[in-house]
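Student: I'd like to go through this protein and ask what the labels really mean. Could you show it to me?

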Amino acid sequence: LTGQTITTLVFVPDGVLHTIPLSALYDGQHFLIERYAIATVPGLRLVDPRPLSPEARKMLAVGMSQGRPGFPGLPKVPQELAGILRVEHSTNLLNSAFSRERFSRELHEVDYTMVHIASHSQLGTDPSQSFVLAYDGPLSLDDLEGSIKLARFRDLGLELLTLSACQTAVGDDSAALGMAGLALKAGARSVLATLWFISDEASGQLVVEFYKQLQNGSMSKARALQAAQLKLMEDPLLGHPAYWAPFLLIGNWL
């Protein structure tokens with residue numbers, strides 16, 4: 001790999017390998033992410049390989065910081081969305097503004113190419129029990145899939161969906177890569193998701209840095225995530241792999 005100047009590794013995992021944080025593989029001296037940018041695909045046939053066009057970026061960022069029955073509050077989410085607003089000039093929907101109807105209407109009426117969701121999610125083997133938590137209740141996978149499919153048939157389509165939530169990449173064999181896999185099948189070209197619950201402070205820092213790196217038009221999504229993970233690794237409080245390793249870029253890595 002070194003001789004061929006390879007900088008990005010793309011994995012097509014199967015079975016239990018879906019749940020392995022590949023960026024944290026360790027050779028005794030270095031983590032894999034220190035040498036290579038890493039992406040994951042459920043199957044190469046799902047990938048629409050094209051880079052993210054800087055001039056076509058339009059972001060919708062939604063989030064929940066308030067707790068709901070069975071779900072604790074995420075106090076750093078407002079800071080996360082504010083950071084995204086500074087970088088992407090996004091349309092932000094926080095707490096009561098993030099209703100199921102408003103989310104659906106935004107995706108119906110505006111040609112967003114990037115969507116960021118910072119909220120709790122739940123993924124089970126029964127699709128009816130799987131959802132993202134909006135202010136007025138669960139946003140079902142059917143609702144999410146329908147909104148993504150609508151964007152798919154527009155000129156630009158949904159280039160990137162970020163699920164800044166707990167365990168959005170985990171699924172059983174029948175669910176492939178869980179919610180992220182469903183988003184890809186519905187037409188999102190790339191999904192940034194997590195393997196396990198992560199502190200909202202670490203998540204916010206990493207995703208904002210990820211979007212900053214993407215401002216460089218020559219930076220691929222995989223390399224932008226690598227740069228964000230390496231920066232978080234330098235933080236004395238958040239440098240442990242538990243904080244940066246669960247993030248997976250799934251789908252188109254360019």
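Student: Why is Y26 called partly exposed?
Tutor: Y26 has a relative accessible area of 49%. Buried means under 20%, exposed means over 50%, and partly exposed is in between, with a 1.4 Å probe and protein chains only. So Y26, at 49%, is partly exposed. One caution: this is a predicted model, where local features need pLDDT of at least 70, side-chain atom pairs count only at pLDDT 80 or more, and totals for chains, interfaces and linings use all residues. Residues are numbered from 1 along each chain as its sequence is written, and side-chain values use heavy atoms, leaving out hydrogens and water.

Student: And what makes F31 count as buried?
Tutor: Its relative accessibility is 19%, so F31 falls under the 20% limit and counts as buried.

Student: Why is the pair of Y26 and F31 called tilted?
Tutor: Rings of Phe, Tyr and Trp (its six-membered ring) pair if their centres lie within 6.5 Å; planes under 30 degrees apart are stacked, over 60 edge-to-face, and the rest tilted. Here the centres are 4.8 Å apart and the planes are at 45 degrees, so the pair is tilted.

Student: What makes F98 and F103 an edge-to-face pair?
Tutor: The centres of F98 and F103 are 5.9 Å apart, with 70 degrees between the planes. The structure holds five aromatic pairs, and Y26, F31 and W244 form one aromatic cluster.

Student: How do you know that the charge of R68 sits over the ring of Y135?
Tutor: The rule asks for NZ of Lys or CZ of Arg within 6 Å of the ring centre and within 35 degrees of the ring normal. The charged end of R68 is 4.2 Å from the centre of the Y135 ring and sits over it.

Student: What does W244 touch?
Tutor: Contact means heavy atoms within 4.5 Å. Leaving aside residues up to four places away in sequence, W244 touches S23, A24, F31, I33, L206, Q229, L232, M233, L238 and G239.

Student: What makes a group of residues a nonpolar core?
Tutor: A core is a set of buried Ala, Val, Leu, Ile, Met, Phe, Trp, Tyr and Cys residues joined through side-chain atoms within 4.5 Å. The largest one here has 42 residues, and those with the most contacts inside it include L206, F210, W244 and F247. Helix α5 gives the most to this core, with seven residues.

Student: How do you know that α6 has close to the expected span?
Tutor: Helices (H or I, at least four residues) and strands (E, at least two) are DSSP runs, numbered from the N terminus. The expected span is 1.5 Å times one less than the number of residues. Helix α6 (residues 221-233) has 13 residues and reaches 18 Å from its first C-alpha to its last, close to the 18 Å expected. Its buried residues include L225, Q229 and L232.
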